[in-house]
Amino acid sequence: MDLEFSREELAFREEVRAFVSEKLPADIREKMDLGQPLTKEEHVRWQKILAEKGWSVPSWPVEYGGTGWTPTQLYIYDDEMGSAGAPPVIAFGAKMVGPVIYTFGNDEQKKRYLPDIVNSNVWWCQGYSEPGSGSDLASLTTRAVRDGDHYVVNGIKAWTTLGQHADWIFCLVRTDPNAKKQQGISFLLIDMKTPGVSVHPVITMEGDHEVNETHFEDVRVPVENLIGKENQGWTIAKYLLTHERTNVANIGNLKRGLRRVKREAAKVKVGDSVLIETPAFARKLADIEIQITALEFTVLRVLSKVQRGGAPGAESSLLKVRGTELQQAMTELLLEAAGYEAFAYVPEGGQSVNAKWTARAAANYFNYRKVTIYGGSSEVQKNIMAKAVLGL
Amino acid sequence: MDFSFSEEQNLLRDSVKKFVDKSYTWDKRKALLESDTGFSRDNWRAFAELGWTALPFAEADGGIGGNALDTMIVLEELGKGLVLEPFLVGVIFAGGILKRADAKTKSKHLPQLIGGESIYSVAYAEPTSRFDLFQVETTAKKEGQSYVLSGKKLAVIGGNAADVLIVSARTSGSARDKSGITLFAVDAKQPGVQRTGYRTVDGLHAANIVLESVKLSADDIIGPVDQGLSLLESAADETIVGLGAEAVGVMQVLYESTVAYTKERKQFGVPIGSFQVLQHRMVDQYMEYEQSKSMLYMATMAVDSGQGLAKAASALKVQIGRSGRQIGQAAIQNHGGMGMTEELPVSHFFKRITLIDLFLGNADYHLDRYRQLG
């Protein structure tokens, strides 16, 4: 057992750190630090900086624009990026549809779609959930009916995150209504500009426009936009669920969140003292720091397994459940730290009448209730672990 | 970054497993539990012959120079067998103090500890100290060339049968001063040492000890006069890491036996493990177990590197205290009425994990210590 990083790995960490420190634009850095949502332009600007360095899709095979890094290097990269407050790359292109296309797509599709993902020329969004299909994803009812060289798509996709920015959407659609529910599903790419596609904002409780409903009304999609074979969509969906799950805990980001809470709590006055000296608050901080340490070592254990050629199995579910709980706990601590100053409602992109750092405290606490619900709720993750780990 | 074990470490684990399988069948354990001393000197000699008592000591001190990971493996396996010999306190804690002392002390005590001829224990807790190692009211008054010890010590694990007690006593200052504490080696049979032995609720044996004008010489001092606290603290932190290993072993049995039981036990015509409420409780056990194991590895590394040991030990103690409670309580709950009985091993593991939290400072105590260490 050797839990040290090698000299080369440490040098790599320095390289990533130096890169972010030099290249992350100051305005984006500040917004990230204040927990403000970024605009489309800001996301794309940062992703293009990464692309220029060749780091926008590090885990991809080299032939498609990846880096060829080891699992440990990929971990270090994510850890440093999170720790430095660099915006996470929007996952829908780089971490979801991209890997699906290079794994299941044909050469034509690879040539057509992958370069624009690598270079952030095209913004993707995800069409999985539906108003009637949440945790039971396979019950989806959006229909795609073959008509000559086209599929005709009808239905509604729910929770389309940042769909208002998107150029393309990847969808799970039902192509065989008579097959068993997992077996009649296909994976389809749809241009958002196609007639019949409309995006309807869904405002979440903090007041932000982050998610949408996407409606499809007789949308004609060329057959060549099908990925893999017809009715193979569920296999692709399952592949994505286990792909790139070691960073699901986002330790670097958790550590940055903790540093931020500590920094602000050290300035919040409580009579003659400051909040961070208050025993109850200090205990919560210590508590969360200990939990982050435990999770970090679990991530490293999984990483060691992957490095030796294993695949992360049910551990991904553990990391998802515990990582998201900690993310939520962090927003809760910042809200508590803000106290009365968290009262003021601040619309997306607006200024608070109170201290700058408090503007998003309540909004992010509200918004982060999502993390234990999306991507397979905590309860679904526990069902997965009960089956895979406990054999129940 | 590699969490795999070496060939030697796998062999070591196998040898402990073999011992547990052979010498700790449930019947043999029960007989030991009901014996006077509560453990077996023969087993202790076997530990010495197998080299376990030599594991955490440098070759120069007569040990075999194992690292903290080796010790972890032994304790994890002993934990799975609910082994009753006070290995943790006798070897890791007492030995941890001795190996940090001067050469003269080491050469006087370590050979008999490593050889298994004398069993050591540590008497530090007092009626008013709760978990603070520095709260010491036992006094050691200097009279000429001698020291005279008087005071009361609580919960000395293995103290009923130990041959030598390492006692913290105050040579200067007042009850809560961090300096002024000196450690002494006290022969348990010496006049003035009154031991009240008892069985602990988790099946170990311990003693409360009254020291009444116990006369010692300067040769009995372990480590520096007045500055014994740091020795005691470092050894206690190393012991906490060993305790963490034992706890992880205990937790593994608790959670795995619960899963196994719910696959067998039928109610309403189906195995109770098919019920989602029970499944999720067991998944929580699994997650707590894995997090504890991760924390154990982290702290084990800290023992070997010597970097940040105090904080790592406190973090681990918080983790195992809380995880142990969840895993233990869930184990009993999911076993239902059968979990309440003395007959099933699960209740014995539950009792052990419960006392592990209270030993050397519970989770609340270490959460405060962790934050105060900054």
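**Figure 1. Helices α9 and α11 of chain B, packed side by side in a predicted model.**
In this predicted model, helix α9 of chain B (residues 309-335) packs against helix α11 of chain B (residues 363-372) at an angle of about 150 degrees. Their axes sit 8 Å apart. Angles over 145 degrees count as roughly antiparallel, and α9(B) and α11(B) are therefore roughly antiparallel to each other. As for handedness, α9(B) passes α11(B) in a left-handed crossing. From α9(B), the residues to look for are B:Lys311, B:Ser314, B:Ala315, B:Lys317, B:Val318, B:Gly321 and B:Arg322. They meet B:Ala363, B:His366, B:Leu367, B:Arg369 and B:Tyr370 of α11(B). Sorted by class, the residues of this contact come out as 5 nonpolar, 3 polar and 4 charged.

**Figure 2. Where α4 of chain B meets α7 of chain B.**
Here α4(B) packs against helix α7 of chain B, which spans residues 229-264. The angle is about 40 degrees and the axes are 7 Å apart. That makes α4(B) oblique to α7(B). This time the crossing is right-handed, with α4(B) passing α7(B). On the α4(B) side you'll find B:Ala68, B:Thr71, B:Met72, B:Leu75, B:Glu76, B:Glu77, B:Leu78, B:Gly79 and B:Lys80. The α7(B) side brings in B:Val241, B:Gly242, B:Ala245, B:Glu246, B:Ala247, B:Val248, B:Gly249, B:Val250, B:Gln252 and B:Val253. By class, this contact has 10 nonpolar, 5 polar and 4 charged residues.

**Figure 3. Domain 1 of chain B against domain 3 of chain B.**
Across the contact, 20 residues of domain 1 of chain B touch 26 residues of domain 3 of chain B. On the domain 1 side, α4 (68-80) and α5 (87-99) of chain B each supply at least two residues. Which helix gives the most to that side? The answer is α4(B), with 10 residues. By class, the side of domain 1 of chain B that touches domain 3 of chain B has 12 nonpolar, 4 polar and 4 charged residues.

**Figure 4. Chain B as a whole.**
Chain B has 11 helices and 10 strands. Its radius of gyration is 21 Å, close to the 21 Å that the globule rule gives for 374 residues, so chain B is as compact as a globular protein of that length. Taken along the principal axes, the C-alpha atoms of chain B fill a box of roughly 80 × 45 × 40 Å.

**Figure 5. The contact between chain A and chain B.**
How many residues does each chain bring to this contact? Chain A brings 29 and chain B brings 28. On the chain A side, the elements giving two or more residues are α9 (279-307), α10 (315-338) and α12 (378-388). Of these, α9(A) gives the most, with 15 residues. The chain A side divides into 18 nonpolar, 5 polar and 6 charged residues.

**Figure 6. Chain A and the contact of its domains 1 and 3.**
Chain A has 12 helices and 10 strands. With 392 residues, a compact globule would have a radius of gyration near 21 Å, and the 22 Å of chain A agrees. The C-alpha atoms of chain A fill a box of roughly 75 × 50 × 50 Å along the principal axes. Chain A is divided into domain 1 (7-89), domain 2 (124-232) and domain 3 (245-388). Taken over C-alpha atoms, the centres of domains 1 and 3 of chain A are 20 Å apart. Their contact takes 15 residues from domain 1 of chain A and 17 from domain 3 of chain A. The domain 1 side of this contact has 5 nonpolar, 7 polar and 3 charged residues.

Technical notes
Residues numbered from 1 in each chain as written. Chains lettered and ligands numbered in written order. Predicted model: local features only at pLDDT ≥ 70, side-chain atom pairs only at ≥ 80, totals over all residues. Axes fitted to C-alpha atoms, helices over the stretch in contact; angles between N-to-C directions. Helix = DSSP H or I, 4+ residues; strand = E, 2+ residues; numbered from the N terminus. Parallel < 35°, antiparallel > 145°, perpendicular 65-115°, else oblique. Left-handed = near helix turned anticlockwise from the far one by under 90°. Contact = placed C-beta atoms within 7 Å. Nonpolar A, V, L, I, M, F, W, Y, C, P; charged D, E, K, R; others polar. Domains from an automatic or database assignment. Rg over C-alpha atoms; globule rule 2.2 N^0.38 Å.
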